[in-house]
Amino acid sequence: QVTLVESGGGLVQPGGSLRLSCAASVMFNAMGWYRQAPGKQRELVAAITESGKTNYADSVRGRFTISRDDAKNTLHLQMNSLKPEDTAVYYCAAEDYGKDYWGKGTQVTVSS
């Protein structure tokens, strides 16, 4: 059974930083972070392959950094210069031959 468990969310002031972590029971080639704000569709934030190739949403490029540690079965998202519009539930996700796996999410709130 595949499990993805996110941690590291919380309340932070604008301009602050948070580091999200995802503990995975197994790592896949394609893994990433999505987010969903109230009333909006879930969107891709950042993705990374086993070879280290990364992809970022335009709205976070230059502020967020995705990384993975396959030896520890973990996925990270370093978020800097946070803005109120980054407020959302953040989900860890993996894709394996057309099958998607999701964590339950962690809330990130950016507010003064």
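Colleague: Which residues does V108 touch, not counting residues up to four places away in sequence?

Modeller: In this predicted model, a contact requires heavy atoms within 4.5 Å. Leaving out residues up to four places away in sequence, the residues that V108 touches are G9, G10, L18, L20, M79, D86, T87, A88 and Y90.

Colleague: Is V108 buried or exposed?

Modeller: A residue counts as buried when its relative accessible area is under 20%. The value for V108 is 0%. Therefore V108 is classed as buried.

Colleague: In which strand is V108 found?

Modeller: The protein has 11 strands and 0 helices. Residues 106–110 form the strand that holds V108, and this is strand 11.

Colleague: How far apart in space are V108 and E95?

Modeller: Along the sequence, 13 residues separate V108 and E95. In space, taken from C-alpha to C-alpha, their separation is 23 Å.

Colleague: What is the radius of gyration of the protein, and why is the protein called as compact as a globular protein of its length?

Modeller: The elements from the N terminus on run β-β-β-β-β-β-β-β-β-β-β. For 112 residues the globule rule gives 13 Å, and the protein's own value is close to this, so the protein is as compact as a globular protein of that length. Its radius of gyration is 13 Å.

Colleague: What share of the contacts between residues at least 6 apart in sequence joins residues at least 24 apart?

Modeller: The contacts considered here are those between residues at least 6 apart in sequence. Of these, the share joining residues at least 24 apart is 53%.

Notes:
Residues numbered from 1 in each chain as written. Predicted model: local features only at pLDDT ≥ 70, side-chain atom pairs only at ≥ 80, totals over all residues. Heavy atoms only, no water. Helix = DSSP H or I, 4+ residues; strand = E, 2+ residues; numbered from the N terminus. Rg over C-alpha atoms; globule rule 2.2 N^0.38 Å. Buried < 20%, exposed > 50% of the residue type's maximum accessible area, 1.4 Å probe, protein only.
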